[in-house]
Amino acid sequence: MKPLKDYSFIRGVCHNPTLGLTKKELEERLDRELGYCRKLNLNSIRFWLVPEEYNKDPRGYLDIIETFIRKCNEFDITVMPILWNGNFITDFEDPGEEWYEKAGKYAGDVIGRFKDEPNILMWDVINEPMCNDYMNHSPAEEYDVRFEKIKKYIRRLFAIVKELDRENCLTVGHEQVRHCLSTDDLVDVICYHDYLGTRREIEGAIFDAERLRDKWDKPILNTETGCVGRANPYEIELELAQKHRVGWYVFNLISEGFWGDIHGLVYPDGTIRDPAVIAALFGFFRNREGGRIPVNANKEGHADRAVKRVEDVLRVEPTTLFMSRDKTTEEILDAAEYCVNILEGAEMVPMWNPPSARIEAFRRIPEEERDVYEIREFAFSMAKLLKEKCHIL
């Protein structure tokens, strides 16, 4: 695909094909995962190729990648394959001609097989080449020297890819806008990543990228962003990208594995962790300006009734001398749920671990095996919290 003037239409996500599956298993998994992309109105996927997997079984590995790329095409999703990754460079010297020859063979097999696929958006030659221990732990006096070494390495890889594919678009996904200076003259699209921690910094990165766009007359694209563990909320990134008309790829589609606790749009089963992120994908953002209306969770007296329901279900009811009728755990859970639904609906509790999930966990346990004391304690704590949040004496 020849370079476009504007990539603001890109609504992408980082997502890798799962290895170790049969073709049928992979296709079934991709049908599910790409179905999420369709629901979320995502139109592009950026993914990492793994040279080490290719070296183990070139044909078998490329068969997996072919299944992935073609399945994406069935869902009208373009792809941006990443040929090499720079994150794991711990020490660096130019790898030498023998290594570059092998790199050319690998790139030749990949590009030769896929360059004519209709949904190839562009090749990302190398991901974050300046984001690694070699650069991050550099003594200040050595940084520029190390930068030039990596820059030379990137440009050598770029030359290999350019020789193999003179038609499709080429880029480099840099960790920071300032790193783009090492390849601005080579790439067709200036691509940067943004995991910054304040609105001012995030928008500042966009301003810096726009200056490079104007200087080089090349489009810009944010090819990796969004991380709750880096003070980099998805919804803020998406809001500012929409404001500046910058295309984007969020990291990543599925919350699972190593990055699952701080990244991801959906769980493998299609449920979600944060509805605000999903709303942001469709252009709806939290009101952080004026005119906010605080929730009056007890406007119609339901908080009062919910608290009383827990009080009633926890109250000892004598039936005869020395005897009382205990409420069932299901009755206690129903009362707790009445409180929980108000607390969650009004966002009075943290939703990263919603109390309703605990109710469902209790209900999955057979009645006769449930810990009655634990359930009573839970119901009591929910009623107590609701009283506090709704100012009930």
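Me: Let's begin with histidine 391: is it buried or exposed?
Reply: Histidine 391 counts as exposed because its relative accessibility is 70%; buried means under 20% relative accessible area, exposed over 50% and partly exposed in between, with a 1.4 Å probe and protein chains only.

Me: And where is histidine 391?
Reply: Histidine 391 is in the segment after α13 (372-389), and it has a positive phi of about 60° although it is not a glycine. Most residues other than glycine have a negative phi. Helices (H or I, at least four residues) and strands (E, at least two) are DSSP runs that are numbered from the N terminus.

Me: Before I go on, what kind of model is this?
Reply: This is a predicted model, in which local features need pLDDT of at least 70 and side-chain atom pairs count only at pLDDT 80 or more, while totals for chains, interfaces and linings use all residues. Residues are numbered from 1 along each chain as its sequence is written, and side-chain values use heavy atoms, with hydrogens and water left out.

Me: What about glutamate 128, what is its phi?
Reply: The phi of glutamate 128 is near 40°, which is a positive value in a residue other than glycine. Glutamate 128 is found in the loop between β4 (122-127) and α5, and it counts as buried because its relative accessible area is 6%.

Me: Which residues is serine 138 in contact with, leaving aside its neighbours within four places in sequence?
Reply: With those neighbours left aside, serine 138 is in contact with Asp133, Tyr143 and Arg146, where contact means heavy atoms within 4.5 Å. Serine 138 is found in the loop between α5 (133-136) and α6 (143-164), and it counts as buried because its relative accessible area is 14%.

Me: New topic: how many strands close into a barrel?
Reply: Eight strands close into a barrel, in the order β1-β2-β3-β4-β5-β6-β7-β8, and the pairing is parallel; two strands pair if DSSP finds at least two bridges between them. The twist averages 25° from one strand to the next, with axes taken as lines fitted to C-alpha atoms, for helices over the stretch in contact, and angles running from 0 to 180 degrees between N-to-C directions.

Me: How many bridges join β7 to β8?
Reply: Two bridges join strand β7 (residues 220-225) to strand β8 (residues 248-251), and these strands run parallel. The bridge partner of threonine 225 in β8 is valine 250.

Me: Which strands does helix α8 touch?
Reply: Helix α8 (residues 234-244) packs on the sheet and touches β6, β7 and β8, and its direction makes about 180° with that of β8.

Me: Now the rings: how many aromatic pairs are there?
Reply: The count comes to 13 aromatic pairs, where rings of Phe, Tyr and Trp (its six-membered ring) pair if their centres lie within 6.5 Å, and planes under 30 degrees apart count as stacked, over 60 as edge-to-face and the rest as tilted. One of them is the stacked pair of tyrosine 7 and phenylalanine 9, with 6.2 Å centre to centre and 25° between the planes.

Me: Is tyrosine 7 buried or exposed?
Reply: Tyrosine 7 is buried, with a relative accessible area of 1%, whereas phenylalanine 9 counts as partly exposed at 42%.
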